[in-house]
Each structure stands twice: as structure tokens, then as C-alpha cells.
Amino acid sequence: MDHSGHGMTMDLPPFTLGRGLEWSADPFFLIACLAGLALYGWGVVRLVRRGDKWPVGRTVGFVIGVLSIMLVMCTQLNDYGMVMFSVHMVQHMVISMVSPILILLGAPITLALRALPTAGRGRKGPRELLLMFLHSHYMRIVTHPAFTIPLFIASLYGLYFTPLFDFLMGSKPGHIAMMVHFLAVGLVFFWPIMGVDPGPHRPGYLMRMLELFAGMPFHAFFGIALMMASEPMVETFKNPPASLGIEALSDQNAAGGIAWAFSEIPSVLVLVALLFQWYASDQRQARREDRAADRNGDKELEAYNAYLSSLHARGN
């Protein structure tokens with residue numbers, strides 16, 4: 001029997017981690033990931049040659065983020081994910097919740113704005129077009145929590161519990177489109193929360209934490225719904241190939257457990273990143289105030305001392 005999404009036989013041997021990690025590249029994601037790494041590397045090299053610094057941690061975050069996409073889309077995890085709900089859920093959770101966080105920590109937009117040359121007066125080059133896009137009305141809408149949080153939730157319930165999921169899983173382009181959608185939803189959801197790159201919606205740190213925790217419980221509820229179901233809920237995974245040696249309901253329960261567990265992992269990652277950013281912001285503000293005091297000759301202190309002197313003179 002042909003594999004509907006990849007054009008390979010469905011007679012996969014029973015899943016093991018070793019088999020899942022064997023190389024089996026999806027051409028679309030392989031080319032996209034290599035292009036992303038190449039462009040990011042170009043930007044970093046351009047800054048370094050110019051004498052500017054770029055944090056190593058950002059580069060590491062971006063590279064690991066892109067590699068995490070390749071891990072789930074360019075190995076046999078992608079093949080097993082077409083017939084095993086549990087493996088598919090690993091793909092979904094990584095590409096929508098782990099990869100976006102790591103990529104955003106790499107600040108690719110900031111890098112592009114610093115590395116791309118200006119087009120000159122009256123002209124529009126890639127840098128100017130990127131700035132126009134960032135300040136567009138469209139971006140204000142798609143990065144606002146009133147849009148991102150419902151989209152984040154709908155990508156679970158509106159996809160898996162409707163025939164749309166089975167339709168997309170029925171073809172390779174549909175499967176690619178679904179995975180690109182998961183990645184895009186993760187990026188627009190976490191972008192305002194992470195706050196590394198510039199964007200139209202940039203709330204305070206406390207509001208970012210509230211936005212984060214507004215979306216995460218729905219992932220947990222989704223996972224619990226799958227774990228508590230008494231029958232398979234997704235048509236695509238109702239009849240797994242006999243060669244896998246698995247039962248559909250137990251595999252669905254495992255998928256639910258994975259979705260529930262992954263709702264906690266990104267929360268911790270983002271919370272730690274936000275706390276570090278908050279601390280760094282406070283430190284920068286303190287340094288700015290110190291520099292301002294140095295430039296002003298600490299006029300406030302001088303005024304206070306003069307006030308004390310006047311009181312002392314009056315007392316005498």
C-alpha cells in the first residue's frame with residue numbers, strides 16, 4: 001500500500017528512536033532550512049567584517065532552532081509521523097513550540113536590519129521593505145494577542161477535530177502546508193512574548209507572561225482530551241499499518257500525553273528567557289541613569305547638599 005503523504009510503502013517496521021532519527025529528508029524543508037542558515041550566517045559575517053559584534057548566544061539559538069526543524073522534518077520521524085499519531089504529535093509540538101522560541105531567541109529580524117545595506121534616499125531596498133512590513137497595519141493585527149491567542153488555540157481544536165486534518169494529511173503538499181502553518185503560528189504567537197526582535201506589539205514583561213499563560217492551558221486540555229478518549233478521534237490514524245505493531249487508541253493516548261507535556265516545556269523556556277530579559281533591561285536602565293548622573297555632575301545631590309547647607313545656616 002502506498003504511503004499517502006510521501007509516496008513510500010506504509011510497511012514501516014515497529015518504531016524505535018534509532019529508526020526515527022534515520023535520514024529521510026523532505027526536500028522543501030531541507031532547502032528552506034539550509035537557506036535560512038546560509039542567510040543568517042551571511043548576516044553575522046557581514047557584521048563581523050564591519051567590526052560590529054553579534055552575540056554568540058543568538059547565533060547558537062537560531063542554529064539549534066533550525067536544526068530542530070530538520071530533526072522532525074528531514075528524518076524518518078516525518079515518515080512515521082504520517083501513520084503514528086504519537087510521532088506526528090512530537091513533530092507538531094517541536095515545530096510549533098520549540099523551534100519558534102529558539103529561532104526568535106536568535107533575533108533574525110534584528111540581524112537583517114543591521115546587516116542589510118540602506119538603499120539610499122528615495123529608493124526602497126530589502127531593508128526598507130522589511131521596515132515597511134514591520135510597521136504595516138497587517139503586522140499590527142497578526143501580532144496582537146487578540147489574534148495570536150485564538151489562532152494558537154484554533155490550530156489545535158479546529159484542525160484535529162475537523163475533516164481538515166485528514167484532507168491535509170492526504171497529500172504531500174497538504175502535509176507541508178500544515179507543518180509550515182504550525183511553524184508560522186508558533187512564530188507569531190511567541191514573537192511579541194519573546195520581545196527580542198522589534199515588532200508593532202511590544203507589551204511589558206508582566207503582560208507578556210500573561211499572554212504566554214493564556215495560551216498554554218489549552219494545549220494541556222487538548223492533550224487531556226486525547227488521553228481520556230475512549231475511541232480514536234482522528235480518521236488518519238484509526239487504522240495504523242499492521243507492521244508497526246501498535247493499537248490506534250493507545251497511540252492516541254500517547255499523543256495526548258506528548259501534547260500535555262509539551263505545554264509545560266515552552267512555558268518554562270520562555271519564562272526563563274523573559275526573566276533574563278527583564279533583569280538585563282533593569283541593568284541597562286540603571287547604567288543609563290548612572291551615566292546621566294555623571295554627565296549632569298549629579299545635580300540632584302548638589303541641590304540636596306545646598307538645601308542642607310541653607311538649613312544649617314538658618315539654624316545658626
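Student: A salt bridge is a side-chain nitrogen of Lys or Arg within 4 Å of a carboxyl oxygen of Asp or Glu. How many salt bridges does the structure hold?

Tutor: Two. This is a predicted model, in which local features need pLDDT of at least 70, side-chain atom pairs count only at pLDDT 80 or more, and totals for chains, interfaces and linings use all residues. Residues are numbered from 1 along each chain as its sequence is written, and side-chain values use heavy atoms, with hydrogens and water left out.

Student: Which residue does glutamate 235 pair with?

Tutor: Lysine 238, and the closest N and O atoms of that salt bridge are 3.4 Å apart.

Student: New topic. How many helices and strands are in the protein chain?

Tutor: The chain has 15 helices and zero strands. Both are DSSP runs numbered from the N terminus (helices H or I, at least four residues; strands E, at least two).

Student: How much of the chain counts as buried?

Tutor: Of its 316 residues, 42%. As for contacts (heavy atoms within 4.5 Å), among those between residues at least 6 apart in sequence, 77% join residues at least 24 apart.

Student: Take helix H12, residues 205-228. At what angle do the axes of H9 and H12 cross?

Tutor: Roughly 5 degrees, and the axes of H9 (residues 145-160) and H12 come within 10 Å. H9 and H12 are therefore roughly parallel to each other. Axes are lines fitted to C-alpha atoms, for helices over the stretch in contact, with angles from 0 to 180 degrees between N-to-C directions.

Student: Which residues make that contact?

Tutor: From H9 they include Ile149, Phe152, Ile153, Leu156 and Tyr160, and from H12 they include Ala214, Met216, Phe218, His219 and Phe222.

Student: And where does H5 come in, against H12?

Tutor: The axes of H5 (residues 85-105) and H12 come within 14 Å and cross at roughly 180 degrees. That makes H5 roughly antiparallel to H12. The cut-offs are under 35 degrees for roughly parallel, over 145 for roughly antiparallel, 65 to 115 for roughly perpendicular, and oblique for the rest. H5 supplies Phe85, Met89, Met93 and Met97 to the contact, while H12 supplies Met216, His219, Phe222 and Leu226.

Student: What does tyrosine 160 touch?

Tutor: Leaving aside residues up to four places away in sequence, the list has Phe85, His88, Met89, His92, Ser155, Phe165, Phe182, Phe222, Met233 and Val234.

Student: Ser155 is on that list. Where is serine 155 placed, and is it buried or exposed?

Tutor: Serine 155 lies in helix H9, and it is buried at 7%.

Student: Last one: which residues of helix H6 are buried?

Tutor: In H6 (residues 108-115) they are Ile109, Thr110, Leu111, Leu113 and Ala115. Their cover includes helices H2 (27-49), H3 (56-73), H7 (126-134) and H11 (172-194).

Definitions and conventions: Buried < 20%, exposed > 50% of the residue type's maximum accessible area, 1.4 Å probe, protein only.
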